[in-house]
Amino acid sequence: MEFQAVVMAAGGGSRMMDLTSSIPKPLLPVGNKPLIWYPLNLLERIGFEEVIVVTTKEVQKLLNLDTKMKLDIVCIPDDADMGTADSLRHIHQKIKTDVLVLSCDLITDVALHEVVDLFRAHDATLSILMKKAQEPTEMVPGQKGKKKPVEQRDFIGVDDTGKRLLFMANEADLDEELVIKRSLLQKHPRMHIRTGLVDAHLYCLKKYVVDFLAENRSLTSIRSELIPYLVRKQFSSPTSLRQGQDNKEQDQKKDQKSLDIYSYMKGDSLLEFAPDKSCWNGHSIDLNEALHGGKVRCYVHIMKEGLCYRVNTLGLYIEANRQVPKLLSTLLCPEEPLVHVSAQVMDRGLVGSDSIIGSSTQVGEKTSIKHSIIGSTCTIKDRVKITNCIIMNSVTIEEGSSLQSCLVCHNAVIEKGADLRDCLIGSSQRLEPKCKQGAVFIMRFELMKGTGYFLNFLPYSLSFFPPGCSSKLMGRFCSRNMGPCHIRMDFFVQATSS
Amino acid sequence: MTLSLQDVGGAVPPPAGGGAVGGRARRRLQRWRSGGGRSGAGPLPSREPPADGQTQELSKEEKLQLRKDKKQQKKKRRDEKGQPPESSIPGHPQAPPPGAVPPVPAAVPSEGLAGSEKPAGGKSKAELRAERRAKQEADRALKQTKKVESTPAAAPAKPRLPPSEPQSMVKRVPEHVQVDDPAAQRRLAKKLERQQVPLRPDYGAKVNLFSHLHQYSRKVPLTQQMTSPATAIHPAVVRLGLQYSQGLLNGSNARCLALLQVFRQVIRDYSTPPNEELSRDLVARLKPYISFLNQCRPLSASMGNAIKYLKKEISGLSSSLREEEAKGKLQGSIDGYVREKIQLAAEAISKYAFEKISDGDVILVYGCSSLVNRTLCDAHDNGRAFRVIVVDSRPRLEGRDTLRRLVREGIRCTYVMITAISYVLPEVSKVLLGAHALLANGSVMSRVGTSQIALVSKAYNVPVLVCCETYKFCERVQTDSFVSNELDDPDDLIVPGKGGAQLRGWKENSSLRLLNLVYDVTPPELVDLVITDLGMIPCTSVPVVLRVKNVEQ
């Protein structure tokens, strides 16, 4: 066994609460498949036979995938707020080899062997996958022309080959300037700092990193703590660490654990085995030792082309849904037709070639469907026009409706003659006949997780409305009496452009 | 040993199924055959009896050759016998000896020795004697060969490749020089399929003369077609293969060391399946690994020898051993091989070479040889004062690595590209080269450019010394760099500059081919001395060393 794969599917999807409040994130349908199917399919395609899935009880109950791989589903307790590193620590006894960690929201057509080969060939401690960020090509429904503030940027430093990961910092952690260690610059006088890269949250980690993590409880997140730690550690030698330890003797015990990843390493690397024999040093400019004698080595594979989405915001969710039909029909499961065999479609000719229609869905006469994804057991009546839409399962759309760039969640009903543009329609909503909406956000929320969400949530959803439009906010609090962590409310927002 | 030598020398059977092989291939094979015959450590006659019409002529030639050889040997023996009494008479050194042909004492040694004597300069008598003995032994070996040879050759009108000939005598043309033969490629594909190893696709157009060799792209690794948690192939082997193909592990010694280390790991992780015998099953297990590695990068001669040794050790295991014992024994023998053949050999060579390096020397080295580096560092540590000129070449620029190591030790170095070699040679006093392999005809196979350096050095009368461990000696015979060589990724030749790389679109241009050759062959005439772990020998003594080694094993 060379690798074990771990899929992290315990996250709540806090950046897209509009959708994840009713459906847990790993189960959000993308191209009529649950989101978690994509990373699992990626693993299956490349040849994994066993996968460990870390998730919550709620997801486990609903998870129903047909995969040839053996899934080992590990539930983490619901109440504990666990980061990804915590999750990995939770399962560290199952980890016997090097490990490949994926997030459940990754949709990509990357040739995974490239990341793995970097890891293998350089005997790396860590190799990760990144992709140039793309501007979403389509507008987000419920949002008109206004872009959300840019997420906090990452600064990534790579060497001349573009493979060695030298530096990593998030904007949030920085003050005015970027601080780069001298020891780094001594070894790599040329460094390219790049921004605008998206971390795909796909990591190859050596076994000893997991061992290190198991002992060291102060790290909670892989992405924001462990990876930067490893990247930094490339340029600090174990000896200098020991000196540092002597200085701070009072909390020595804690330091030993938090500092010394070197003590977890085993020296079976081939590159270290025959260093004075091999005539290669990985950098032809200077006269230093091969690989600068560093033992912790981090590498990054930056995808130049191809798809790579992390579905963690509404915009990306929609973007992913738009791209997925191409991916599904060519690469992921070409044997499965885009229009399901059990779907009843009257006018095949009116269904675009890049549309997906799920099982047992009925589509009436003279209904045109373009660039859209329609879930299973939906009923779409006659003379409906659907363009650029994502329609989840068991939705009913009555005659003569027209939907453009809309997202319709499970079990919604759209009555006759509705004309919707750029709308987001929540689960089990019923729209009245002849309803005419543009850039509307129609939902009913159930917030179960705590007041924090509520407070964060209000301004967030309001920001969906373009300025200058008259908006009516109708919030109905049904019950707020179930203790501090349990708020339930009905929330109805309506906005019309003036 | 003699048999195998013949095999290589005479070597090539007629191409299987005549018509299938293109004219070019046949011509090349013939060239190879004739080349091998011509050069094989002296006059090695072709083992194959020729077709009826030519029998007389060729056998005449052979006879002539034989006669000449015998004469030479007799002469030599006479010379050698004559020499001691001559030198033992100190009385009249000036007096010309009586007789029609006045033998000049200095010119006495045979041609073979003449070459090796010049560089040696202050060579001691004992060394000379040792060399002569080696030479004699070589000749004797040849004679024996001929004896064996002459019997079948004498039988007239023997059919081409008689069926009675044992199979082991038929040396097949190795697959890796038959890439342009579709039949051979199909065979290879079948073999790989059986072993569950993917086939690595060839990359780009090749220069005509080299269409029979593999050419791979670094960007298309074999792992692309494999499952990612490697199942069919041991993960350590996959890792090693990647390091080979990416060029992270380079150099004959490093590659061999890493290979042995990995195989040690494989043996450690191995457990015999029920109803199988360890010695058989393990060899079968290693086979796909070897073909995998061979596709990542063609195996070096050092690796080939190490694999041969390991296989022999495995099949020599007695079946009464328990599994743990057998595995322990194998690991022990791998360690022994590394220690004796690589580490101790390097030490011995470094000691011998130390004698050759004198104060004030200017030594020219080429590329990066771990052995030469070590030798120079040791000599420096032992207090020799010398200067080194490091010659380098594109595209690998391995010389920089040499430079790094030598400068770190405090050795004075000059760095030039190979184009400047005739400029620096007048000040050079010795050329010290490493080798990829030493072939049975005495040719030195080494990084491309070596033969050029040897040639120019010859022109400037600078002695050329080659350092090579005996475990890199190879029974193959090769006179040119065309037949068996390695093509590296042609994309390496693209040098990205500020104005963009002009060669980037070379694949689209049908009138442009790139050639990134890895090795070349230096003829024995250009090499004055080979420093091995057995001492300093002329490179024509390789067959002797090989024979002794075979007897030992």
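A crossing of two helices is called left-handed if the near helix is turned anticlockwise from the far one by less than a right angle, and right-handed if clockwise.

Before I go on, some housekeeping. This is a predicted model, where local features need pLDDT of at least 70 and side-chain atom pairs count only at pLDDT 80 or more, while totals for chains, interfaces and linings use all residues. Residues are numbered from 1 along each chain as its sequence is written, chains are lettered from A and ligands numbered from 1 in the order in which they are written, and side-chain values use heavy atoms, with hydrogens and water left out. When I say helix (H or I, at least four residues) or strand (E, at least two), I mean DSSP runs numbered from the N terminus.

Okay, back to that pair in chain B. Helix 10 covers residues 301–315 and helix 11 covers residues 323–356, and they pack at an angle of about 150 degrees with their axes 10 Å apart. Axes here are lines fitted to C-alpha atoms, for helices over the stretch in contact, and angles run from 0 to 180 degrees between N-to-C directions. Helix 10 and helix 11 of chain B are therefore roughly antiparallel to each other; the scheme is under 35 degrees for roughly parallel, over 145 for roughly antiparallel, 65 to 115 for roughly perpendicular, and oblique for the rest.

Who touches whom? From helix 10 of chain B we have Asn305(B), Ala306(B), Tyr309(B), Leu310(B), Glu313(B) and Ile314(B), and they meet Leu330(B), Ser333(B), Ile334(B) and Tyr337(B) in helix 11 of chain B. Contact means heavy atoms within 4.5 Å. By class, the contact of helix 10 with helix 11 of chain B has 7 nonpolar, 2 polar and 1 charged residues. For the classes, Ala, Val, Leu, Ile, Met, Phe, Trp, Tyr, Cys and Pro count as nonpolar, Asp, Glu, Lys and Arg as charged, and the others, Gly among them, as polar.

Staying in chain B, look at helix 7 (residues 235–245) and helix 9 (residues 278–296): their axes come within 8 Å and cross at roughly 20 degrees. That makes helix 7 of chain B roughly parallel to helix 9 of chain B. Their crossing is right-handed. The residues of helix 7 of chain B that meet helix 9 of chain B include Val237(B), Leu240(B) and Tyr244(B), and the partners in helix 9 include Phe292(B) and Leu293(B). This contact of helix 7 with helix 9 of chain B has 8 nonpolar, 2 polar and no charged residues.

One last stop in chain B: the peptide bond from Arg394(B) to Pro395(B) is cis, with omega near 0 degrees. You'll find Pro395(B) in the loop between strand 2 (386–392) and helix 13 (399–409) of chain B.

Now over to chain A, and its sheets. There's an open sheet of 7 strands in chain A, in the order 5-4-1-6-12-8-13, with mixed pairing. Strands count as paired if DSSP finds at least two bridges between them. Strand 5 and strand 13 (298–303) of chain A are the edge strands, each pairing on one side only. From one strand to the next, the twist averages 25 degrees.

Strand 4 (residues 50–55) and strand 5 (residues 70–75) of chain A run parallel and are joined by 6 bridges. Between them, the chain goes from strand 4 through helix 3 (residues 57–62) to strand 5 of chain A, and this β-α-β crossover is right-handed, that is, with the strands pointing away from the viewer, the path from the first strand over the helix to the second runs clockwise. Glu50(A) stands opposite Lys70(A) in strand 5 of chain A.

Strand 6 (residues 98–103) and strand 12 (residues 197–205) of chain A pair in the antiparallel sense over 4 bridges, and Leu100(A) stands opposite Cys204(A) in strand 12 of chain A.

Chain A also has an open sheet of 3 strands in the order 10-9-11, with antiparallel pairing. Strand 9 (residues 154–158) and strand 10 of chain A pair over 5 bridges, with Gly157(A) opposite Phe167(A) in strand 10 of chain A. Helix 8 (residues 222–233) of chain A lies across strand 9 and strand 10 of chain A.
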